[in-house]
Amino acid sequence: MNISATLILAFGMSMDAFAASVGKGAILHKPRFREAFRTGLIFGCIEAITPLIGWGIGLVAGQYITEWDHWVAFTLLFILGCRMIVEGFKQPEADAPKLRRHSFLILVTTAFATSLDAMAVGVGLALLQVNIIHTAMAIGLATMIMATLGMMLGRFIGPILGKRAEIIGGIILIGIGINILFEHLEWAA
């Protein structure tokens with residue numbers, strides 16, 4: 001795979017993380033760059049690791065992971081999205097401070113759910129015999145950049161949308177899950 005194909009693949013794989021991080025940034029109270037970078041780093045590391053895992057699985061049992069990855073991604077994103085929607089409809093307590101950062105577990109779960117397609121790509125890359133280390137690093141770096149930018153974009157969208165940002169973020173996550181599911185089912189047909 002040449003460098004342009006690698007970059008196109010890397011930024012293509014980062015789009016789900018970008019959309020999810022916009023939603024995450026929108027529900028925080030004025031997230032700073034440090035929080036955006038933390039989010040980008042978590043998303044980027046996980047997005048770099050999952051193709052490596054997929055590549056390893058592809059060498060051993062590629063057909064089995066591709067049969068289920070889309071269902072796992074859809075389920076995780078659907079649950080996270082529904083949770084955000086429910087939180088968005090709750091009335092805020094008058095004395096409750098606004099959320100300033102997301103928990104590590106929520107970010108890891110979201111990052112893992114949006115990176116399962118990268119695992120499936122890793123399975124395919126094992127069959128193509130590409131340099132998986134360079135490709136995984138490119139995917140991770142692109143995702144880190146895009147998730148950081150998405151979080152900062154969400155910072156500006158959040159004050160405009162208010163509490164609805166959390167509902168919209170949940171809908172975005174569910175939409176990403178449905179898109180992953182439909183793409184795989186369409187591809188399999």
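A: K24 lies in helix α2, where helices (H or I, at least four residues) and strands (E, at least two) are DSSP runs numbered from the N terminus. This is a predicted model, so local features need pLDDT of at least 70 and side-chain atom pairs count only at pLDDT 80 or more, while totals for chains, interfaces and linings use all residues. Residues are numbered from 1 along each chain as its sequence is written, and side-chain values use heavy atoms, with hydrogens and water left out.

Is K24 buried or exposed? With a relative accessible area of 3%, K24 is buried; here buried means under 20% relative accessible area, exposed over 50%, and partly exposed in between (1.4 Å probe, protein chains only). Leaving aside residues up to four places away in sequence, K24 touches M84, H102, I106, T110 and M151, a contact being heavy atoms within 4.5 Å.

Helix α2 covers residues 15–27, has 13 residues, and reaches 19 Å from its first C-alpha to its last, close to the 18 Å expected at 1.5 Å a residue. That expected span is 1.5 Å times one less than the number of residues. Because 10 of the 13 residues of α2 are buried, this helix is largely enclosed by the rest of the structure. Among the buried residues are D16, A17, A20 and S21, and K24 belongs to that list too.

The UniProt record (unreviewed entry) places the feature "transmembrane region" at several ranges, including residues 6–28 and 132–153; such positions are given in the numbering used here, feature names are shortened, and annotations may be inferred rather than shown by experiment. Over residues 6–28 the chain is 91% helix and 0% strand, with its end C-alpha atoms 33 Å apart. Over residues 132–153 the figures are 100% helix and 0% strand, and the end C-alpha atoms are 31 Å apart.

T143 sits in helix α5 (residues 132–161) and, at 0% relative accessibility, counts as buried. Its contacts, not counting residues up to four places away in sequence, are S14, A17, F43, G44 and E47; A17 is one of the buried residues of α2. In helix α6 there is I167, buried with a relative accessible area of 15%. The C-alpha atoms of I167 and G23 are separated by 8.9 Å, although these residues are 144 apart along the chain. I167 touches M84, I85, G88 and F89, again not counting residues up to four places away in sequence. M84 is also among the residues that K24 touches.

Helix α3 (33–89) brings in another neighbourhood. I42 lies there, and at 11% relative accessibility I42 counts as buried. With residues up to four places away in sequence left out, I42 touches F104, L107, V108 and A111.

What about charged pairs? A search of the whole structure finds one salt bridge, defined as a side-chain nitrogen of Lys or Arg within 4 Å of a carboxyl oxygen of Asp or Glu. R38 forms it with E35, the closest N and O atoms being 2.8 Å apart. Because R38 and E35 are three residues apart in helix α3, about one helical turn separates them. R38 is buried at 18% relative accessible area, and E35 is buried at 7%.

On the outside, W68 of helix α3 counts as exposed at 55% relative accessibility.

Stepping back, the protein chain has six helices and zero strands. Of its 189 residues, 48% count as buried. Among contacts between residues at least 6 apart in sequence, 95% join residues at least 24 apart. The accessible surface of the chain comes to about 10200 Å², of which 71% belongs to carbon and sulfur atoms; accessible areas come from the Shrake-Rupley method with a 1.4 Å probe, and for residues only the protein chains shown count as cover.
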